[in-house]
Amino acid sequence: SGLPKPSFGHLTQPFDTPEFHKLYRVVPIRKVHSLSITWALPPQEQYYRVKPLHYISWLVGHEGKGSVLSFLRKKFWALALYGGNGETGFEQNSTYSIFSISVTLTDEGYKHFYEVAHVVFQYVKMLQKRGPDKRQVIWEEIQKIEANEFHYQEQTDPVDYVESLCENMQLFQKEDFLTGDQLLFEYKPEV
């Protein structure tokens with residue numbers, strides 16, 4: 001219809017309520033221990049060419065020496081760790097972006113629940129303190145991996161592909177309709 005896309009950017013603190021900033025314990029149906037920490041951030045969709053949350057999730061999800069998961073595994077507190085943002089819909093829109101870190105805990109890790117949360121927050125604080133300046137090599141590595149995955153992806157069902165393109169048309173500039181949801185284009189440490 002040629003009308004501009006609605007924006008809800010004027011809603012600046014959608015989660016600024018006392019109900020948040022709390023710990024909620026949920027009794028699972030099956031025996032599993034999981035810790036999920038979720039942050040509501042300012043909207044990030046305008047940074048799709050930089051993908052800052054993708055970059056942070058890559059660092060948080062790293063499993064090698066010096067990683068948060070490596071440390072938690074040495075303590076026998078965690079089996080897996082995932083950090084990220086779905087980059088669409090509920091997790092990222094014009095009002096807010098959600099970033100979550102989920103840790104699958106061992107029985108021992110469940111006993112040390114608060115220590116695990118503390119370690120995760122310490123790791124995020126360390127990433128924040130060190131900043132991205134010296135981490136362009138990591139960003140370039142992520143960029144190359146995403147480019148390879150894009151260029152060598154399997155052919156998708158045409159209907160699914162068209163649906164994906166239509167969604168991208170609502171989010172990205174014309175030149176990025178095909179690639180905006182997958183590729184990293186610009187390294188901007190300030191973002």
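Biologist: Leaving aside its neighbours within four places in sequence, which residues is Asn168 in contact with?

Modeller: This is a predicted model, where local features need pLDDT of at least 70, side-chain atom pairs count only at pLDDT 80 or more, and totals for chains, interfaces and linings use all residues. Residues are numbered from 1 along each chain as its sequence is written, and side-chain values use heavy atoms, with hydrogens and water left out. Contact means heavy atoms within 4.5 Å. On that basis, and skipping neighbours within four places in sequence, Asn168 touches Phe177 and Asp181.

Biologist: Is Asn168 buried or exposed?

Modeller: Buried means under 20% relative accessible area, exposed over 50%, and partly exposed in between (1.4 Å probe, protein chains only). Asn168 has a relative accessible area of 4%, so Asn168 counts as buried.

Biologist: Which helix does Asn168 lie in?

Modeller: Helices (H or I, at least four residues) and strands (E, at least two) are DSSP runs, numbered from the N terminus. The protein chain has six helices and three strands, in the order β-α-α-β-β-α-α-α-α. Asn168 belongs to the one spanning residues 158–171, helix α6.

Biologist: What percentage of the contacts with a separation of 6 or more comes from residues 24 or more positions apart?

Modeller: Here we take the contacts in the protein chain with a separation of 6 or more.
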